[in-house]
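I opened the notebook to look up a few features of one protein chain. The entries are kept in the order in which I looked.

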Amino acid sequence: MTKPTPSRAGAAAAPSRTLSRHDYQTLGLSALGGTLEFYDFVIYVFFATVLGGLFFPADMPDWLRQLQTFGIFAAGYLARPLGGIVIAHFGDKLGRKRMFTLSIFMMALPTLVIGLLPTYASIGVAAPLLLLAMRVLQGAAIGGEMPGAWVFVAEHVPAKRYGLGIGTLTAGITGGILLGSLVAIALNRHYSPAQVSDFAWRIPFILGGVFGMVSVYLRRFLQETPVFQELAARRDVAREMPVKTILREHRAASLLVGLLTWVLSAAIVVVVLFTPTYLQTVHHIPVTLALEANCIATLMLTLGCVLVGWATDRFGTRPVMLIGFTGLFISAYLFYSGLPGTPASLMLSYALVGLFVGIIAVVPIVGVRAFPAAVRFSGLSFAYNMSYAIFGGLTPIIISAWVQQDAMGPAHYVGGLAILGFALGLLPMTHRAYVEKQLGKKAARRGPRKA
């Protein structure tokens, strides 16, 4: 009988075991840390309208101000590949835990600084430039955080709970969006629009800096993954630059993950992050109602991620992808074509599309197992962040321009990429047995490494 190797998709060397108390602690701390860090990254979008008025000239046309504000938001995505590649490089060489903790510290500091920045009225053009610099640092941090979190959890949980583990973590990460939405609702209810523009907009960023430091502390209680410990013990840690191995041996896996990430970016950026501003500016829905509807949708997204993870363990990846992306296509058109509607219809249709956005959990489920353990962190990080930098970064700008011509632009964009996700679900590479067989063949061709 051969021993399971770290190149397998799951985390555990004992695929029959169930989740232990330690697994639950790892999942809980990882998900909570992901929630707090992603809150730091996305809180910007909930105050995009306010920030646009504060960090750009007052006489600038509204559409141009919005475009530039989302341009700075996009800069965070464009910085992701560099941060992700560097953090993942050392994650594959020095260990997952160290980089998992470093990324959240790199997020907390610029978030706190944003909350303390002077505005355009105080320092002129330096204000948006400083805001841009902080977003770039945030982007570099999140580029290492999300792939690192997925790999960390995948290499801890037992194989038969692999999907549920990653789905739960993804739910925790999307919970950061929910937390941001709740904070935005609370501030807009407690303060008048003038007070929010005057000082209250700073509160969520300062809180984010504090949340980040709490996450750094919490991650001290996590342990290095068993898979990386085994790699280190067998001296099978990547010896060359992991990205070189990825580009030479795993181009097909990188393309698959990149395309899936494009679908993910459409669902998150358009449906969850962009839509609250879209509801206010295009359909003139009051800010509080728009944020409340977004909150419900994000809650359903969080539940959807857990459901998708559980379902992939139970039924397999292909049927979940086919059903999930079909549902995303239909629900997106129902939602955007029914706007503005009534408050009740807005809540219901937004909740439905939010639930189907939970299909994004298949991206890390497929992506983590697409690469062997020695270069897993780098492979996932490279493919995911390069794709997100291109598509996630440009999407808000594209959609902002598109809605000037067609209010249904968001539906067409999300619907088109849902079709792509459906097509990818038909590929053999999205299925565990096929991937493990291919990775096994590659490992056999290379032969055992010398100690």
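Entry one, the model. I note at the start that this is a predicted model.

I looked up its extent and found residues 376-402, 27 residues in total. From the first C-alpha to the last, α18 reaches 37 Å, close to the 39 Å expected at 1.5 Å a residue. I then checked its course: α18 bends by about 35 degrees at T395.

I counted 13 aromatic pairs. One of them is F55 with W201, 5.8 Å centre to centre and with 85 degrees between the planes, an edge-to-face pair. I traced where the two residues sit: F55 is in helix α2 (residues 48-55), and W201 is in the loop between α9 (193-200) and α10 (202-218). They are 146 residues apart, and the pair links distant parts of the chain. Are F55 and W201 buried or exposed? F55 counts as buried because its relative accessibility is 0%. W201 is buried as well, with a relative accessible area of 0%.

Next I looked at W262 and F391. Their ring centres are 4.2 Å apart and their planes are at 10 degrees, so the pair is stacked. W262 lies in helix α13 (residues 251-281) and F391 in helix α18, so this pair ties together parts that are 129 residues apart in sequence. W262 has 25% relative accessibility and therefore counts as partly exposed. F391 is also partly exposed, at 25% relative accessibility.

I found one aromatic cluster formed by F274, Y278, F335, Y336 and Y350. Separately, I noted that R135 lies over the face of Y44, at 4.9 Å from the ring centre.

The helices α2, α3 (62-78) and α13 each supply at least two residues of the lining.

Terms used: Residues are numbered from 1 along each chain as its sequence is written. This is a predicted model: local features need pLDDT of at least 70, side-chain atom pairs count only at pLDDT 80 or more; totals for chains, interfaces and linings use all residues. Side-chain values use heavy atoms; hydrogens and water are left out. Helices (H or I, at least four residues) and strands (E, at least two) are DSSP runs, numbered from the N terminus. The expected span of a helix is 1.5 Å times one less than its number of residues. The bend at a residue is the angle between axes fitted to the seven residues ending there and the seven starting there. Rings of Phe, Tyr and Trp (its six-membered ring) pair if their centres lie within 6.5 Å; planes under 30 degrees apart count as stacked, over 60 as edge-to-face and the rest as tilted. Buried means under 20% relative accessible area, exposed over 50%, partly exposed in between (1.4 Å probe, protein chains only). A charge sits over a ring if NZ of Lys or CZ of Arg is within 6 Å of the ring centre and within 35 degrees of the ring normal.
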